[in-house]
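Subject: Structure handover

Hello,

Here is the structure I promised to pass on. Please open it, then read my notes below.

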Amino acid sequence: MTRPERVLIVGAGPVGLAAAVEFRRRGFHPRIIDAGEGPTDEAQSRALGILPTTLDILTASGITDRLLAEGGHIENAEISLDGKRLFAISTKPARTRHNFILTLPQGRTERLMIEWLAAHDVTVEWNTAFVSLADTHAPRVSLSNGETVAADLVLGVDGVHSAVREDVGIPWSGEGYPAEFALADVIFERPVEASTARANLRTAKGGTGGAVALLPLSETTGRYVGIAPSTDALLAGIEGIAAVTWESRFSVSFRHAERMAKGRVFLAGDAAHVHSPVGGRGMNLGIWDAAWLAFLASEGRQSEYEMRRLPSVRQVLKDTRQMTDVIAAPSANILNLLRYAMPLATQLPWVRRTIAERLLALDLPQPEWLRGAYGTDRESRTP
């Protein structure tokens, strides 16, 4: 393929915005549309964990500096079973400059990217929906405003119910998950340690069942999320909450598009794959999709996109499903591992480093254009 000139991005969530940023900084002038009225409400944290690879990717545009200036750092995690602390782990041994999880509400992340795009002559066209697409090899896209747009590359990042994916007929494979999830953004009665996440595995013997994790946003605010049928059940037995500012219940599924490209039409983010929030991979995985496509397109290699991304997507879905099964219904062997083996194993430096890099998704292959960049001494491989 030759380098595309006319790029149309359908969807202006964090993945679509990241795609626009990456295309723009590589010399394209993408057009980005969204059916919604504007970015995510700042009162709703939604996707709040930003991983090191994402920070590395966004360093070139300067957006990482803006994210770091506003976000919090999670560098430690405490693991408990039925409220009894078992062991602690740290992300600091990871071999990366950004050896932490950056926390920032999705609405702020989106607005920082929108501001960057506006400064580089790209404006999000809100209230403009994708309607249909004719000819995936020479796309002509019909929009809700009556316009027909000719494009050399169309990127569908329009969510799990992607109109782009459905219109071009790419199958959506996978299954739902039986457990229910709940989350609550809270204000604490007293300051907490903002750099420490906490996860409590609650067995039926412990009372409420399921699992709950606390991800601090600051010393005074944070998110509780876990497997629970309601917010009340999620927060049962948890003390020190002054107020709940936002709450949500949701089900999850493990699905992915059987193809991530068809002709000159490409998929990324939730339009291409969805899974549970366990591990915090969702938004980050989508941003990595977007960055890969922009990189490949800049070299006229966009035909390699599906080959590059599908293996990593399948691996993340497999790993996330296994992690979700563990916290939803831990076996006796898993419980014994947590009680007895992990407290001892985490005393070993190589185990601490392995766990840290897995937590930060550094065990996944890294983008080839980041090889040797940003102070990392990890092996650079292509997904």
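Helix α3 passes helix α4 in a right-handed crossing. Helices here are DSSP runs of H or I with at least four residues, strands are runs of E with at least two, and both are numbered from the N terminus.

Before more detail, the ground rules. This is a predicted model, where local features need pLDDT of at least 70 and side-chain atom pairs count only at pLDDT 80 or more, while totals for chains, interfaces and linings use all residues. Residues are numbered from 1 along each chain as its sequence is written, and side-chain values use heavy atoms, with hydrogens and water left out.

**α3 and α4**

α3 covers residues 63–70 and α4 covers residues 106–119. They pack at an angle of about 145°, with axes 10 Å apart. Axes are lines fitted to C-alpha atoms, for helices over the stretch in contact, and angles run from 0 to 180 degrees between N-to-C directions. From α3, the contact (heavy atoms within 4.5 Å) takes in Ile63, Arg66, Leu67 and Glu70. From α4 come Arg108, Thr109, Leu112, Met113, Glu115 and Trp116. By class, that contact has five nonpolar, one polar and four charged residues. Ala, Val, Leu, Ile, Met, Phe, Trp, Tyr, Cys and Pro count as nonpolar, Asp, Glu, Lys and Arg as charged, and the others, Gly among them, as polar.

Glu70 also forms a salt bridge with Arg108; their closest N and O atoms are 2.7 Å apart. Glu70 is in α3 and Arg108 in α4, so the pair ties together parts 38 residues apart in sequence. The whole structure holds 24 salt bridges (a side-chain nitrogen of Lys or Arg within 4 Å of a carboxyl oxygen of Asp or Glu).

**α7 and α8**

Helix α7 (residues 282–298) packs on helix α8 (residues 305–328) at about 165°, with axes 10 Å apart. That makes the two roughly antiparallel, a label for angles over 145 degrees. This crossing is right-handed. α7 brings residues including Trp288, Asp289 and Trp292; α8 brings residues including Tyr305, Arg308 and Arg309. The contact has eight nonpolar, no polar and three charged residues.

**The sheet**

An open sheet of three strands runs β3-β7-β4, with antiparallel pairing. Two strands pair if DSSP finds at least two bridges between them. β3 (49–50) and β4 (72–74) are the edges, each pairing on one side only. β4 and β7 (residues 101–103) pair over three bridges. Ile74 stands opposite Ile101 in β7.

Best wishes

Note on methods
Parallel < 35°, antiparallel > 145°, perpendicular 65-115°, else oblique. Left-handed = near helix turned anticlockwise from the far one by under 90°.
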